[in-house]
Amino acid sequence: MSDGNDLEADLVIALQTLDTHSFKDTLQKSTIDMTSLQDQNKTNIFHEFAKSVIREKLLMDFLEITISFFYKRYGENAPESIKFLMNSSTVEEKISPLHLAVKSGKLKLTKEYVRMGGDTEAKTSKNQTIGHMASIHGSMSILAYLKYEVGINVQEKDSNGMTPLHLAAKYGNEYVVLSLLAWKCDINSIDNDKNTPLHLAAFSGNYRVCRALLFAGADRKFLNSLGENPYAVANKQGNVDVLKLLANPSILARINPFKHPVKPVKNSYKLYAFFVILFILRYLLVILFVIPHLDIEFAVASLIIFLFSTVTFMMVSHSNPGFVHFRRKETMVFLYQTYQAEFVCPFCETRKPPKARHCPYCDRCVKKYDHHCPWIRNCVGRGNHKLFIVFIICICIDFLYNAVVGIMDYLNLFSAPSNKFFSVNEYRPEAALIISIISFISFLFTCPVAFIQITNAIKNTTTHERFAYNKNTKTTISKTITSSMPSMTLIRTSEERGGDAYTGNNISVSVSSIKKSKYCCYGSSNKITEMLSPE
């Protein structure tokens, strides 16, 4: 065993110094059985490859040298010897080389280890699978590969009763959480301490993960074994933003038309139906009780405004906001290995262009997403943004006009009309007052929206970009994105990287600027400046 330890030590030194010639010579001069090439903790050379911090392209060169040596020495028995070492676990933690490769975020090495016979169902001393390891690391390219090509179980529990969703929530891996939610993982699964993923997200203080879990249906009232709900867990950590998020929505928050309370998404017809009924009822009162007392010019103006409001409402509520088309030829494994995770939608299973966002109400990705408007029961995006602005302006004019006309009619400020549109036998001044009140209140709600949308058009931006409620957690990266729009592409060409592909795994992020604001129900977005240093 000591000879094996010495040989392994020499190989590790050659690996760390990137000396391929010394590595190859050491292997060729060895006389011991390679299956004994392990230290006292049963860590072998394949463990060392997975733990190594050198670039993966260079690592694959060392792996190729090792495999070639195995075939030269053992011939047809080489695959069996390789598989023996590949599935050899450490003494204490029972971690195999494949576990380490996944945990360290090495995609190429993970694929090679699976191809060489690594046990994809092996478990550590904590009963954790490679699915748990991928969730801890947060590499979506590896997790997608394991899910779609290897076929791992993403709902398996470890010895603490934690699923990959628990661990992703605990470590604040937002894109892993979103993917696991898209794969229909049990959102209220409990561990041995009766903690749900929301409890762990609250403990880690990750606002965006908590928000995603709540929208997906996480139970904010569930009590763990200590009798604590997620709010109580967050309260111990003192994270004010997460506390506000986890608090039960007040009555005012539930009826606020500008900001949806964070709760399970239901694409309901209630607000849409309410708007339509109110719209029709208001104009019935206008036609029956106000127009008969107006000159024909005022009456025709009222009907023209009503017509414009109705037509634009029907058009914008049935328009295509700019849904992203599905690209069925692009697999999820390809997408996550080619693009940054923020530009891949796990729900639509397609690539998202910049400024696109998945709308949980429409269950589609929308280009240049502005917001989802429950009053028209449709998203507002690149395809209908201008039409939505026209609609908002029309109904603002509509509400203001009828509010003024209604109050003037109630106060009897109009002179007797010389030429009526039509007449009724009985005058009801109360109806004019009701119309005026309804119209004025509606105007107060719609006027700010019109102002925001017109400002968006002038600044060529969206409500989502301007007013999304950003709460970013502690993250660290070592890269700087100097442009305002980060690149979608994750992998660079071989000419740019000298034949190597940038996988985006071993990076440290330091957020230098975060724009925090909140408004309405328009979702959330990150506006960060990352400091990216070349590898």
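User: Is Phe 49 buried or exposed here, and at what relative accessibility?
Analyst: Phe 49 counts as buried, because its relative accessibility is 0%. Keep in mind that this is a predicted model.

User: And Phe 23, buried or exposed?
Analyst: Buried, since Phe 23 also comes out at 0% relative accessibility.

User: How many aromatic pairs are there?
Analyst: The count is 18 aromatic pairs. Phe 23 and Phe 49 make one of them: the ring centres are 6.2 Å apart and the planes meet at 40°, so this pair is tilted.

User: Which helices does that pair link?
Analyst: Phe 23 belongs to helix α2 (residues 20-29) and Phe 49 to helix α3 (residues 45-51).

User: What about Phe 70 and Tyr 74, what kind of pair is that?
Analyst: Tilted again, with 5.8 Å from centre to centre and 35° between the planes. Both residues are buried. They sit 4 residues apart in helix α4 (residues 56-74), so about one helical turn separates them.

User: Which residues form an aromatic cluster?
Analyst: One cluster takes in Tyr 269, Tyr 272, Phe 275, Phe 279, Tyr 283, Phe 306, Phe 313, Phe 388 and Phe 391.

User: Where does UniProt put the transmembrane regions?
Analyst: The unreviewed UniProt entry lists "transmembrane region" at 271-292, 298-318, 387-411 and 431-452.

User: What do residues 298-318 look like in the model?
Analyst: That span is 95% helix and 0% strand, and its end C-alpha atoms are 31 Å apart. Residues 431-452 are 100% helix and 0% strand, with 32 Å between the end C-alpha atoms.

User: Switching topic: which rings does the charged end of Lys 147 sit over?
Analyst: The charged end of Lys 147 is over the Tyr 148 ring, 5.1 Å from its centre. It is also over the Trp 183 ring, at 5.3 Å from that centre.

User: Last one, helix α14. Which residues are buried there?
Analyst: In α14 (residues 230-237), the buried ones are Pro 230, Val 233 and Ala 234. They span an arc of only 95° around the axis, which means they are on the same side of α14.

User: Why would that spacing do it?
Analyst: An α-helix has 3.6 residues a turn, so residues three or four places apart point the same way.

User: What covers them, and what follows the helix?
Analyst: The cover includes α12 (197-204) and α15 (240-246). After α14 comes Gly 238, with a positive phi near 75°.

Conventions:
Residues are numbered from 1 along each chain as its sequence is written. This is a predicted model: local features need pLDDT of at least 70, side-chain atom pairs count only at pLDDT 80 or more; totals for chains, interfaces and linings use all residues. Side-chain values use heavy atoms; hydrogens and water are left out. Buried means under 20% relative accessible area, exposed over 50%, partly exposed in between (1.4 Å probe, protein chains only). Helices (H or I, at least four residues) and strands (E, at least two) are DSSP runs, numbered from the N terminus. The arc is that of the directions from the helix axis to the C-beta atoms. Contact means heavy atoms within 4.5 Å. Rings of Phe, Tyr and Trp (its six-membered ring) pair if their centres lie within 6.5 Å; planes under 30 degrees apart count as stacked, over 60 as edge-to-face and the rest as tilted. A charge sits over a ring if NZ of Lys or CZ of Arg is within 6 Å of the ring centre and within 35 degrees of the ring normal. UniProt positions are given in the numbering used here, feature names are shortened, and annotations may be inferred rather than shown by experiment.
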